[in-house]
Every structure is written in C-alpha cells, then in structure tokens.
Amino acid sequence: MEKSRSNFTGSIGFIFAAAGSAVGLGNLWRFPYLAAKYGGGIFLLVYLILAVTFGFALMVTEIAIGRKTRLSPMEAFGSLNKKWGWLGKLSTLVPVLILPYYCVIGGWVTKYTATMIAGSVSSAAEDSYFTSFISSTWAPLICFFIFATITAIIIFLGVNKGIEKLSKFLMPMLLVLTIVLTVFVLTRDGAGEGVLYYIKPDFSHLSVKTILAALGQLFFSMSLAMGIMITYGSYVRKEDHIEKSVRRIELFDTVIAFLAGMMIVPAVFAYSGGDTDALGKGPSLMFVTLPKVFNEMKFGSVVGSAFFILVLFAAITSSVSVMEAIVAGIDDKYKTGRKKATVIVYVYTIAIGVVCSLGFGVLSNVTILGFDILDFLDFLSNSVLMPVVGMLTCIVVGFILKPDVIISEVELNGPFKMKRFYSVMVKWIAPLCIFAILISSILDTLGIISI
C-alpha cells in the first residue's frame with residue numbers, strides 16, 4: 001500500500017516551488033560574474049544549450065525518481081535498488097552541509113535589506129562595512145537566527161500551507177522585481193556598453209574552461225544532486241506532466257539568471273567607468289561593489305532596497321528547499337513526523353551556523369585545508385559531493401535501473417518526446433560531463449591546475 005504523502009495542489013504550485021529552489025543567490029551574483037568573466041554572449045549561448053540538454057535530463061531523472069517512489073532521496077534509491085540505498089544517504093548529506101552556511105549568508109542579505117530600507121546606503125557603500133559586519137560577533141548571529149527561523153517556520157507549516165503558498169507569492173514578485181530593476185538599470189547613462197559586453201558573443205573565449213564554468217553554474221543553479229528535486233518530485237501528483245513541468249522550471253530559472261546579468265553587469269559598468277574588475281566575485285560583488293553602485297545612483301536607496309528584497313526572496317525560497325530535503329529525509333527514515341523533524345533540523349542548523357558565522361570573527365584562526373569554516377563546507381558540498389552524487393545517479397539510472405524506469409514514469413501522462421535523447425544523455429554524456437566538473441573543480445580550487 002502506497003504511503004500517504006502530501007502533494008502540491010497542482011503543476012503550477014510545483015513549478016513555482018521547484019523554480020524557487022533553483023532561483024537562489026547563485027543566479028543573482030554568480031551567474032552575472034561568470035557570464036562577464038567568460039565572454040558574455042558566448043557563455044550565455046553555452047549555458048542555454050546545456051540547460052535544454054544536460055540540465056533537462058538530470059532534472060527529469062530526479063523528479064521522476066521522487067514521484068515514482070513517493071520518497072525523499074534518503075529512502076528513494078534504496079526502494080529502487082537495495083544495493084544503492086547508500087546513495088540516498090550521500091545525497092541527503094549535501095543539503096545537510098549546505099543549509100547552515102546558506103542561512104548565514106541569508107543573514108547577511110537580511111542585514112543589507114534592513115540597511116537599505118533604513119536609507120543607509122551610504123554606510124553600506126563604505127569599504128569596511130561588510131568586513132566589519134561579518135567579523136563582529138552578535139550582529140551577524142542575530143541576522144542568521146532571524147533568517148533560519150523564517151525558513152524553519154515555512155517548513156513547519158508543511159508542503160501546501162508553507163512551501164507552495166510561499167512560492168506562489170514570492171516567485172511572481174521576484175520576477176516582477178527583476179524586470180523592473182533591469183529596465184531601470186538599462187535606462188541609465190553608460191549602461192549600453194555593459195549590455196554589449198554582457199550579450200555580445202566573443203568566440204575567442206570559447207574554451208574548455210568556459211564550457212565547464214557554464215556546466216558548473218547550471219549544475220548548482222538548478223538544484224541538481226542535492227536531493228531537492230527528488231523530494232519535491234515525491235510531492236508531484238501522478239496526473240502532472242513531468243516533461244512539460246521541467247521545461248517551465250528551466251525557463252523560469254534561465255530567465256531570472258539572464259535578467260540578473262542584464263541588471264548587474266550594465267549597472268556596474270555604468271557606475272565604474274567600464275571597469276570589469278569591479279564585477280568582483282562572490283560576496284565582494286553582492287555586498288561590496290553593488291552598494292557602491294546604489295550609492296552613486298539617483299534614488300539609490302530605493303533601488304538598493306528593491307534589489308536586496310529581491311535577493312532575500314530568492315535566498316528564502318532556496319533555503320526552504322534545502323531544509324525540506326533534510327526534513328523529508330528524516331521523516332521518511334525515522335517516521336518522526338514533519339514538526340519533530342523540523343525542530344531537529346532547526347536546532348542542528350543553529351548549532352553549525354553559529355560556528356560558520358563565528359568563523360569570520362572569533363574563530364577566524366580556525367581553518368580546514370586552508371579554508372575558513374564556511375568556505376570549507378561550500379567546497380565540500382558544491383565542488384565534491386554534488387558532482388559525485390550527480391554522476392552516481394546517472395550511473396544508477398543508466399546502467400543499473402535502466403532509463404526505461406524513468407521513461408515509463410514520465411509517460412504516465414503521455415509520450416516522452418525526448419526519450420531517445422534522454423537515454424543517451426543520462427547514460428553517457430551527463431556522467432562524463434559531471435566527472436569533468438568534479439576533477440576540474442577540485443584541482444582548480446586546490447590550486448593544483450588552472451584550466
């Protein structure tokens with residue numbers, strides 16, 4: 001007898017929830033940075049091709065596994081093949097590592113949102129503002145606590161009243177805010193040069209490193225190999241069409257990422273005199289460069305507030321999906337019930353998150369393999385475990401279960417138009433590409449090679 005399980009009320013609720021997971025901090029600062037670094041238009045072209053091929057195949061696989069088993073990854077792989085049950089545990093470990101430090105960064109976004117709304121954009125634009133904030137003890141901890149608590153409350157409310165209801169509200173709001181801010185930026189003097197830099201293909205930048213960068217961004221952006229899409233797939237109704245839903249999720253995710261670049265790259269160009277170094281990387285772009293840009297703008301406080309509200313929306317929908325993957329796994333494995341599992345995960349998140357936050361302050365002298373605590377968890381989850389889980393998932397589906405298991409699940413609602421392409425992609429192309437990501441990411445991060 002099939003286990004009773006919560007469901008999304010319809011395909012729209014699922015699409016918004018899955019898109020909310022995919023659209024996170026990576027879309028709003030990592031995508032623009034990589035696009036600018038790797039040749040603008042050529043990076044966009046490579047990313048788009050990979051999204052409709054590689055990304056499509058992996059997302060279909062994970063959602064179909066979830067819907068077929070009606071389980072989170074903790075138990076889903078074992079229900080399909082007992083010998084591979086350990087892969088579900090490994091998959092669940094990814095969000096376990098990500099959640100605490102993601103909530104710490106979410107706390108930073110919370111702080112900057114409040115700062116912008118308070119009209120203190122000039123303070124946020126000061127060179128020492130960000131470093132001073134994250135290296136202090138209590139301010140970042142309080143912001144982290146607020147962000148983590150909001151995430152836990154949404155999970156506590158459940159699939160329909162929490163995740164789906166939030167996503168149906170925030171995702172349209174996020175899209176509207178992104179469009180409005182992009183239009184505003186594009187009308188600023190000097191933005192045209194940034195637009196050309198961002199969208200004009202430069203084929204001299206087409207290299208192995210460009211392809212790997214685009215593939216890596218796609219891999220992380222679409223929440224693949226994190227257990228999230230399997231978990232969300234387990235809430236999808238049997239009558240909902242998986243292939244069509246995946247296409248819509250990909251479209252939403254790609255549009256937001258593209259618009260983020262159209263917003264950020266021209267803005268930085270317009271207010272830095274075309275200095276590409278000003279695009280920065282990671283926190284330096286989000287928390288150092290952009291406040292300076294907003295400070296130079298007319299209505300900068302309003303624009304900065306809107307931008308960080310946008311980022312906060314994206315961060316919350318992503319953190320909710322990460323926490324849900326863990327909560328669902330604990331509930332499926334130990335039958336704790338959602339509320340008890342949420343409390344357990346929340347306590348864990350606070351405990352580890354405090355250590356991550358203090359890693360920039362009183363624990364700044366603590367390093368692991370040369371990384372601070374937060375960066376080590378990020379490296380281990382993103383550069384090592386996610387590619388390993390993704391590659392092994394392809395191997396299991398391609399050679400142990402066989403692609404027909406996934407194809408038959410997709411075809412419950414009609415023909416799977418891409419099934420031949422899917423079989424080749426999941427058996428051969430995807431695992432080889434993921435293996436390339438894994439090796440290059442590890443070697444490049446450790447400074448052994450620079451490709």
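Contact here means heavy atoms within 4.5 Å. The structure shown in these views is a predicted model.

**View 1. The crossing of helices α1 and α9.** Helix α1 spans residues 11-22 and helix α9 spans residues 159-186. Their axes come within 8 Å and cross at roughly 75°. Because angles of 65 to 115 degrees count as roughly perpendicular, α1 is described as roughly perpendicular to α9. On the α1 side, the residues that meet α9 are Gly-13, Phe-16, Ala-17, Ala-19 and Gly-20. On the α9 side, Ile-163, Glu-164, Ser-167, Lys-168, Met-171 and Pro-172 take part. The residues of this contact comprise 6 nonpolar, 3 polar and 2 charged.

View 2. Ser-21 belongs to helix α1. Ser-21 has a relative accessible area of 4% and is therefore buried, since buried means under 20%. When neighbours within four places in sequence are left aside, Ser-21 is in contact with Ser-223, Ile-228, Met-229, Tyr-232, Thr-317, Ser-318 and Ser-321. With Ser-223, the side chain of Ser-21 forms a side-chain polar contact of 2.8 Å. A polar contact of 2.9 Å joins the side chain of Ser-21 to that of Ser-321.

**View 3. The aromatic pair of Phe-56 and Phe-416.** The count of aromatic pairs in the model comes to 26. In the pair of Phe-56 and Phe-416, the ring centres are 6.3 Å apart and the planes stand at 55°, so the pair is tilted. This pair links distant parts of the chain, as the two residues are 360 residues apart. Phe-56 lies in helix α3 (residues 41-69), whereas Phe-416 lies in the loop between α18 (403-410) and α19 (419-445). Both Phe-56 and Phe-416 are buried.

**View 4. The stacked pair of Phe-371 and Phe-379.** Phe-371 and Phe-379 form an aromatic pair with 5.0 Å from centre to centre and 20° between the planes. The pair is stacked, because planes under 30 degrees apart count as stacked. Phe-371 has a relative accessible area of 15% and is buried. Phe-379 is likewise buried, with a relative accessible area of 8%.

**View 5. A cluster of aromatic rings.** Ring pairs join several aromatic residues into a cluster.

Methods
Residues numbered from 1 in each chain as written. Predicted model: local features only at pLDDT ≥ 70, side-chain atom pairs only at ≥ 80, totals over all residues. Heavy atoms only, no water. Axes fitted to C-alpha atoms, helices over the stretch in contact; angles between N-to-C directions. Helix = DSSP H or I, 4+ residues; strand = E, 2+ residues; numbered from the N terminus. Parallel < 35°, antiparallel > 145°, perpendicular 65-115°, else oblique. Nonpolar A, V, L, I, M, F, W, Y, C, P; charged D, E, K, R; others polar. Buried < 20%, exposed > 50% of the residue type's maximum accessible area, 1.4 Å probe, protein only. Polar contact = N/O pair within 3.5 Å; in protein donor to acceptor, adjacent residues only side chain to side chain. Phe/Tyr/Trp six-rings, centres within 6.5 Å; stacked < 30°, edge-to-face > 60°.
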